[in-house]
Amino acid sequence: MDWRWLLTSFEGRINRAKFWVGVIALWILYIILNIVVATLFGIDYSAGNVWPVAAPGAWLLYFLLAVVITLATLAVLAKRWHDRDKSGWWSLISLVPFIGGIWILVECGCMPGTEGPNRFGSDPLAGT
């Protein structure tokens with residue numbers, strides 16, 4: 001699997017399996033990087049210290065982490081929306097509280113993509 005393309009490109013199509021691999025990989029990466037930043041700055045979440053007040057440098061790292069993970073998530077979502085023959089802008093549905101997350105889960109995570117080629121490229125399952 002081409003991870004660079006999966007996590008950085010907003011073009012093309014991916015099937016449900018690659019979508020789930022990308023989403024789970026991003027979750028794991030986010031957790032690991034959070035642990036690394038917390039360890040570097042001595043943040044003890046178990047003690048209820050959720051906000052790294054004493055570690056202002058941590059804010060910058062958390063912000064950069066959030067930006068990178070968000071962009072990678074949007075790239076994965078865009079390709080999955082393309083497989084459903086919809087614009088990647090459908091990712092904005094996530095801004096609708098509660099309904100948006102369910103919509104994305106059902107539409108991108110559960111429903112099959114368009115069979116055959118569509119305006120976003122060839123069928124990712126055509127070769128299998």
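Start by selecting Asp 85: this residue is partly exposed, at 32% relative accessible area (buried is under 20%, exposed is over 50%, and partly exposed is in between, with a 1.4 Å probe and protein chains only). Asp 85 sits in the loop between helix 3 (56-83) and helix 4 (99-109). Helices here are DSSP runs of H or I with at least four residues, numbered from the N terminus. Check the backbone while you are there: phi of Asp 85 is near 65°, a positive value in a residue other than glycine. Most residues other than glycine have a negative phi.

Before you move on, bear in mind that this is a predicted model, where local features need pLDDT of at least 70, side-chain atom pairs count only at pLDDT 80 or more, and totals for chains, interfaces and linings use all residues. Residues are numbered from 1 along each chain as its sequence is written, and side-chain values use heavy atoms, with hydrogens and water left out.

**Along the loop**

Now pick Phe 98, in the loop between helix 3 and helix 4. Its phi is also a positive value, near 65°. Is Phe 98 buried or exposed? Phe 98 is exposed, with a relative accessible area of 68%.

**The tryptophans**

To count as a pair, rings of Phe, Tyr or Trp (its six-membered ring) need centres within 6.5 Å; planes under 30 degrees apart are stacked, over 60 edge-to-face, and the rest tilted. By that rule the count comes to three aromatic pairs. One of them is Trp 81 with Trp 90, a tilted pair at 5.7 Å centre to centre with 35° between the planes. Trp 81 is buried, at 0% relative accessibility, while Trp 90 is partly exposed at 33%.

Trp 90 is in the loop between helix 3 and helix 4 and Trp 103 is in helix 4, so the pair ties together parts that are 13 residues apart in sequence. Trp 103 is partly exposed, with a relative accessible area of 36%.

**Down helix 4**

Colour Gly 100, Ile 104, Glu 107, Cys 108 and Gly 109, which are buried in helix 4. Looking down the axis, the buried residues fall within an arc of 160°, so they line one face of the helix (the arc is taken from the directions from the helix axis to the C-beta atoms). What covers them? The cover includes helix 2 (16-40) and helix 3.

Zoom in on Cys 108, buried at 0% relative accessible area. Its sulfur is 9.7 Å from the closest cysteine sulfur, in Cys 110, too far for a bond. A disulfide needs a pair of cysteine sulfur atoms within 2.5 Å, and the structure holds zero disulfides. Cys 110 counts as partly exposed, at 44% relative accessibility.

**Into the core**

Select Phe 19, Tyr 62, Val 76, Leu 77, Trp 81, Ile 104 and Cys 108: of the 19 residues in the largest nonpolar core, these touch the most other members. A nonpolar core is a set of buried Ala, Val, Leu, Ile, Met, Phe, Trp, Tyr and Cys residues joined through side-chain atoms within 4.5 Å. Helix 2, helix 3 and helix 4 are the elements that give two or more residues to this core, and helix 3 gives the most, with eight.

Centre on Val 76. Leaving aside neighbours within four places in sequence, Val 76 is in contact (heavy atoms within 4.5 Å) with Leu 6, Leu 7, Ile 14, Phe 19, Val 23 and Leu 26.

**Last stop**

Finish at His 82 in helix 3, which counts as buried at 7% relative accessibility. Not counting residues up to four places away in sequence, His 82 touches Phe 10, Glu 11, Gly 12, Arg 13, Ser 87, Gly 88, Asn 118 and Phe 120.
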